[in-house]
Amino acid sequence: MDDIHDDSEGSRSNATSSSGDPSMMDGEILQTAHSGSDASGDLAVALEVDDAEEEEDKLEHVPEEDFPMDDFVQVSVGLKNSSWTVYPSQLANCLAAAVRIASAGDFPNGCSKELRTLYRELVPSSFEKCVESTDCLRWNNDIQAHILDACAKLAELVAVKLTQTETTEEAEDDMMHMLTSMCLALDQEAPYHKKHILDKLPRKVVDMGGLDEGAMYAANLFTTVPRALNGVGTLRDDEGDGYDDDDDSVGVVILDGDDDEANPNATPVRHGGRSKNARRAAAAATAVEEVEGFRWLRYLINHFGLTGGFDAVLDILNDPSRVSLKLLDAVVKPMAKCAPALSETLLLRFEENTQITLEYLAGVVERGDAALTGGGNSSARNLNLTSTLRSLQSVLGQCVGAAEAEKRVSPVNHAVVEGMLVIPHFSIQLAAVREINVMLERASSSRLLGDEPSAAAMHAAVAWLEDKRVLPHVLKTDYLHHKQYVDQVATVLRFLLRENAMREEHLELLWAITQSSYTFEEVKNNVLDLLATLAWHFSGEQLDSLFSRLERAGGQGTSLADSRKILEMVQKLAKSDGQGVMAERLLELLWRMVHAGEGAGSAVEMVAAFTQILGHYHRMGRAAKETWVARALRNAKEGSADLAISLHLMQSIVMLDSERATAAAAVGGGVEGAGAGVAGTPSSSGGGGAGEEEDNKPAVGGKGKGMKKRRRGESNAAAAARENAAARREWLSSLDYSDGLVTLLVSSLERFQAAAWADGATLPRPIVGAVTGYYDTLKALVKVILFVLKEGEITVELEMAQRLWAAFEKAPRDAVSLEADRGKIPVRYRDLGLLCIFKLLNSPPCSVSEQTVLDLLRVRLVSEPAGEMTTRGWNLFREFFLQAGLDSDKLAATSLESGASGEGEQQQQQLGDGEQQRVPPSRPLAADLKDRRLVVCSADMTGVEQLWRVALDANGGFVSEAVELLIQLHTNLDGQVAEGRHSRG
């Protein structure tokens, strides 16, 4: 008989977890069973009940002669071990006894302590491990047969229990656990059934009448398998029944070229086995054929039907009012699992009774039963109802097709969801949105059939959302602070976008939430994240609509906190744009947002966000830094945008690190994501990377390797910084040469100052069209001018220096800032100009030539009124006075220790690896004279008269410094000067 499989005798009858001892799989049986006094001790442990529980629970113990107590203990103890062991044979014995006891009805309460433990603990845990877990795939044939026997006994027990009229809550709970296990036993997708997809029934099952010939409950099931090219596919068959009893790999195809003819009973398999020729076995899987399968599942379905299970289920569906919603849900779930495997005759019966249940549930919803709208368990009852509807739709789908099933079930489902949406409880609201997603997914799946009814189901789902205004209700702010709720809402909206059903009204609902002053910050964050997620599904028009809102929100009148949230949303959009498809849109959006901002605080963050996103797309090759720098400079030249913002943008873009330097640092392991922010600060350097192999090994027994890795990281970081500096220097020099960058900046300063102080104004006039105030714009001009000159190593000649001085002089001497750094001393506007010129000389590298220093000293500084001089003016005069003396060799500096001339000393530059390189002496700067002694080499120094006037006429605290400098100039004379002065005396 083809459906017979003779199991080998003496094989193991228990199965261990994957974490158990692998040696047990082919060795002796794990010794967890006990007998005699040991069994009694384990029984006491397994069934120990507290005295208080004994009084509360009136259940009796089952007589030992009616129940296999030793098997019960063995199963219980095996499951409680950390490395669990299941005993399907003993479990089947317990279930068989339970069937006999349930059929006889010996207990007043319908159960005993042992049976309750069996129903609620042992059965669920055992079936989860035996059927659902992949551990079952490695157990031998005898264990597999015992699992099948346990499944059959469970099916018989469920069939008996369903025919009984027990309505107590305890009895329902017992049934719930058993029906949950039945879902596993009848699930065609369970690992257990997939393992036996092509296996024939065990011989022991057949000998007990397991073929169930004549049963009409299960359909003939088929599956596709590989087919041999030459048709020679035979099974190793020593017993003549098509199987090798000593081989756990049952049903393995043996492709043997010496076979004269193929075995007509051969059953090929999908999964690998032991073949005589691996190459030929692989070549054989080039074609497929359809063969009969799932014999073990068919056996369970037929057995459940022959024991009255399907009749009992159909009776419940014919009169669902006699059971609770919870039990009805549990009863229908196993039917949904096995519906694809049921015969047409049985499905016809299910169609009729399922329709009756649908009508009953529709009445429950229409009446608005209190069980659904109130009470502590209303949430659970609504969930039971929606779950039941899903299961009924699965069954109906096998009876009348998916589209027709959707048409019948969806009205009831809609009514249920509508009722749930009006219940003000978070759990019910969340369940309602989840149910909406399930409904939409089913409608979408049915549409894939491509016929007219399927398309109608989709249109009906969308129309229901519109007619009942479900989305406005779902988008209320009451629950949008819950991330899981927002995730479910996102799924609904994505569905609408796929169906082109999301309208401008829906987008406005979401946006209004983010702009309302009554919305909590967490809700705003969640909704903005939601919009960033949905944006990838928007049409072009929807994107334009969203971006216009973002642009308006990023402009004037928006709080700094909201602006930051919007920037974060835009940055998330850019980071998720792996292909750069939104590069132009996002950069244009941010560009407009930056120029529409309120300046000051928000503008800086917007510029930083724009620069970061531009760098992202520049590295992808989807945008060019040079294009946006040119655009910023054009705005500054034409005055078509806020000057401070244009300058910030230019500087930030130039500060983006070069790709070559970043790549070099990353390969060398020095800089982790080397980059520069708005201020040009390199990212944190990290030790280690893709360096030498031994450098990346853990350091053991000393710090040598760790120190070496750290030095390498520092060296790579320094190399990357030098590379970035060189790239910036080259770019800025090129811009100055081609576009007259320095001239452009100075001209912008001149126009800005002339407009602000026109007609002798004592306070700066507001600039038309500017969003940044006077003081912040002036600071931006000073900052960018210094940045370009220093980073580009550009030298300012006299004409440009004179223009700078004249532009800063436009501000009156006593004009002070009113808006700078609240709480601090106001700053003189003119002092900002003095600071800029001071740093041109003082901050390395020096940006003024020797002649420019001397001419500025002669033309400007010596003419400044000493009585009105400020501290900033004194610092500037002193620096230029000393520098002019050094440049003309009228001053010299010597070391305080040795007296040696600093000019003749050779400077040393420390390199990354500890080497030292001698460099030629550079131009001595006054800024380097802090620890040196001044020596006067010539008495004819420009500016001495002004120094005397400061010492005599000035009023600031710096007068003492002027006096001290005069003393040095008249006492620290070299030999010739001293001799000449002595001879004159």
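Axes are lines fitted to C-alpha atoms, for helices over the stretch in contact. Keep that picture in mind as you go through these close-ups of a predicted model.

**Figure 1. Helices H12 and H14 pack with their axes 7 Å apart.** Helix H12 covers residues 309-318, and helix H14 covers residues 344-367. The angle between them is about 30°, which makes H12 roughly parallel to H14. From H12, the residues making the contact are Phe310, Asp311, Val313, Leu314, Asp315, Leu317 and Asn318. Their partners on H14 are Leu346, Arg349, Phe350, Asn353, Thr354, Ile356 and Thr357. Sorted by class, the contact of H12 with H14 holds 7 nonpolar, 4 polar and 3 charged residues.

**Figure 2. Helices H29 and H33 make a left-handed crossing.** Here residues 643-654 form H29, and residues 774-791 form H33. Their axes come within 9 Å and cross at roughly 30°. H29 and H33 are therefore roughly parallel to each other, since angles under 35 degrees count that way. Look on H29 for Leu643, Ala644, Leu647, His648, Met650, Gln651 and Val654. These meet Thr777, Ala780, Leu781, Lys783, Val784, Phe787 and Val788 of H33. In this contact of H29 with H33 you will find 10 nonpolar, 3 polar and 1 charged residues.

**Figure 3. Helix H13 is mostly covered.** How many of the 14 residues of H13 are buried? The count is 11. They are Leu325, Leu327, Leu328, Asp329, Ala330, Val331, Val332, Pro334, Met335, Ala336 and Cys338. You can check the length of H13 (residues 325-338) too: at 1.5 Å a residue it should span 20 Å, and its end C-alpha atoms are 21 Å apart, which agrees.

**Figure 4. Helix H21 is followed by a residue with a positive phi.** H21 runs over residues 483-498, which makes 16 residues. From first C-alpha to last, H21 reaches 23 Å, close to the 22 Å expected at 1.5 Å a residue. Buried in H21 are Tyr485, Val486, Gln488, Val489, Ala490, Val492, Leu493, Phe495, Leu496 and Leu497. After the helix comes Asn500, with phi near 55°.

**Figure 5. Helix H24 reaches 20 Å from its first C-alpha to its last.** This helix has 14 residues, 540-553. Its reach is close to the 20 Å expected at 1.5 Å a residue. Which residues of H24 are buried? They are Gln542, Leu543, Ser545, Leu546, Phe547, Arg549, Leu550 and Ala553.

**Figure 6. Phe294 has a positive phi although it is not a glycine.** Its phi is about 55°. You will find Phe294 in the loop between strand S6 (287-292) and helix H11 (295-306). Is Phe294 buried or exposed? At 7% relative accessibility, Phe294 counts as buried.

**Figure 7. Asp759 also stands out for a positive phi without being a glycine.** For Asp759 the value is about 60°. This residue sits in the loop between helix H32 (741-756) and H33. Asp759 is exposed, with a relative accessible area of 73%.

**Figure 8. A cis peptide bond joins Pro844 and Pro845.** The omega angle of this bond is about -5°. Pro845 lies in the loop between helix H35 (829-842) and helix H36 (850-859).

**Figure 9. Val853 is a buried residue in helix H36.** Its relative accessible area is 0%. Which residues is Val853 in contact with, leaving aside its neighbours within four places in sequence? The list is Leu841, Val848, Phe880, Gln883, Ala884, Asp887 and Arg923. Compare also Glu797: Val853 and Glu797 are 56 residues apart in sequence, and their C-alpha atoms are 9.2 Å apart in space.

**Figure 10. The protein chain has 40 helices and 10 strands.** Finish by stepping back from the close-ups. The chain has 985 residues, of which 49% count as buried. Among its contacts with a separation of 6 or more, 74% come from residues 24 or more positions apart.

Notes: Residues numbered from 1 in each chain as written. Predicted model: local features only at pLDDT ≥ 70, side-chain atom pairs only at ≥ 80, totals over all residues. Heavy atoms only, no water. Axes fitted to C-alpha atoms, helices over the stretch in contact; angles between N-to-C directions. Helix = DSSP H or I, 4+ residues; strand = E, 2+ residues; numbered from the N terminus. Parallel < 35°, antiparallel > 145°, perpendicular 65-115°, else oblique. Left-handed = near helix turned anticlockwise from the far one by under 90°. Contact = heavy atoms within 4.5 Å. Nonpolar A, V, L, I, M, F, W, Y, C, P; charged D, E, K, R; others polar. Expected span 1.5 Å × (residues − 1). Buried < 20%, exposed > 50% of the residue type's maximum accessible area, 1.4 Å probe, protein only.
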